[in-house]
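Let's take a walk through a protein model together. Keep the picture beside you and look up each residue as we come to it.

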Amino acid sequence: MSAAKKSAPQRRARPDDPGPDLFAYGTLQFGPVLDVLLGRTPEMDVAVARGWRVAALPQRLYPGLVAEPGRMAGGVVLSGLTAADWRTIEAFEDPEFDLRPIELIGRAEPVRTFVWSAAVTGNEWLPEGFVADHLERYVERATQWQAERA
């Protein structure tokens with residue numbers, strides 16, 4: 001099947017039924033980023049996804065979640081997201097992400113997350129490295145993006 005005829009991946013939550021939770025494993029797990037994008041930091045709980053890896057992406061500051069047997073991906077579950085929150089998050093996310101539910105350790109129901117659909121590096125994305133080297137600049141970029149949307 002050619003790429004032109006391939007159906008688009010199901011990546012966007014429906015605004016009328018977004019669900020309240022999102023597994024965030026990258027930049028959306030940081031309060032300063034969420035404060036800029038949503039005007040608040042939603043409630044969050046630590047979570048782990050078995051069989052996934054948080055991969056560094058070529059030429060990007062944010063990571064991508066990719067399936068990888070035997071690995072574990074840490075992050076947080078953002079709870080209580082509204083339809084407006086989802087619209088903002090989805091507009092902010094790269095089009096190479098597919099929004100889909102995944103299973104998390106200790107949770108009865110799958111939780112939606114953004115799964116990366118393009119090339120990754122062989123390196124892990126390290127949140128502590130992001131905070132130390134890039135968070136301040138990333139928050140500035142998010143602030144500019146939000147201002148341009150208004």
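A polar contact is a pair of N or O atoms within 3.5 Å; within protein, one atom must be able to donate a hydrogen and the other to accept it, and residues adjacent in sequence count only if both atoms are side-chain atoms. Asp85 gives us an example: a polar atom of its side chain lies 2.9 Å from the backbone nitrogen of Thr82.

Before going further, here is how to read the model. It is predicted, so local features need pLDDT of at least 70 and side-chain atom pairs count only at pLDDT 80 or more, while totals for chains, interfaces and linings use all residues. Residues are numbered from 1 along each chain as its sequence is written, and side-chain values use heavy atoms, with hydrogens and water left out. The term pLDDT stands for the predictor's confidence in each residue, from 0 to 100. For this chain the mean pLDDT is 90, and 88% of the residues reach 70 or more. Residues 1–15 have a pLDDT below 50, and this stretch has 23 contacts in the model beyond near neighbours in sequence. Contact here means heavy atoms within 4.5 Å.

Back to Asp85. This residue sits in helix α2, which covers residues 83–92. Helices (H or I, at least four residues) and strands (E, at least two) are DSSP runs, numbered from the N terminus. Is Asp85 buried or exposed? Asp85 counts as buried because its relative accessibility is 6%; buried means under 20% relative accessible area, exposed over 50%, and partly exposed in between, using a 1.4 Å probe and protein chains only. Leaving aside neighbours within four places in sequence, Asp85 is in contact with Leu38, Arg40 and Gly80.

Now find two helices, α1 (residues 31–38) and α4 (residues 135–149). Their axes come within 9 Å and cross at roughly 5 degrees. That makes α1 roughly parallel to α4: angles under 35 degrees count as roughly parallel, over 145 as roughly antiparallel, 65 to 115 as roughly perpendicular and the rest as oblique. Axes are lines fitted to C-alpha atoms, for helices over the stretch in contact, and angles run from 0 to 180 degrees between N-to-C directions.

Which residues of α1 meet α4? They are Pro32, Val33, Val36 and Leu37, and their partners in α4 include Leu135, Tyr138 and Trp145. Val33 is buried, at 0% relative accessibility. Beyond residues up to four places away in sequence, Val33 touches Thr27, Leu28, Leu135, Tyr138 and Val139. Val33 and Glu140 are 107 residues apart in sequence, yet 9.1 Å apart in space, C-alpha to C-alpha.

Our last stop joins a strand to a loop. Arg53 belongs to strand β2 (residues 43–56) and is buried, with a relative accessible area of 6%. Its side chain reaches the backbone oxygen of Thr121 at 3.1 Å, and a polar atom of that Arg53 side chain also lies 3.1 Å from the backbone oxygen of Asn123.

Thr121 lies in the loop between β5 (111–116) and α3 (127–133), and at 22% relative accessibility Thr121 counts as partly exposed. The side chain of Thr121 reaches the backbone oxygen of Ala56 at 2.9 Å. Not counting residues up to four places away in sequence, Thr121 touches Arg53, Ala55, Ala56, Leu57 and Pro58.
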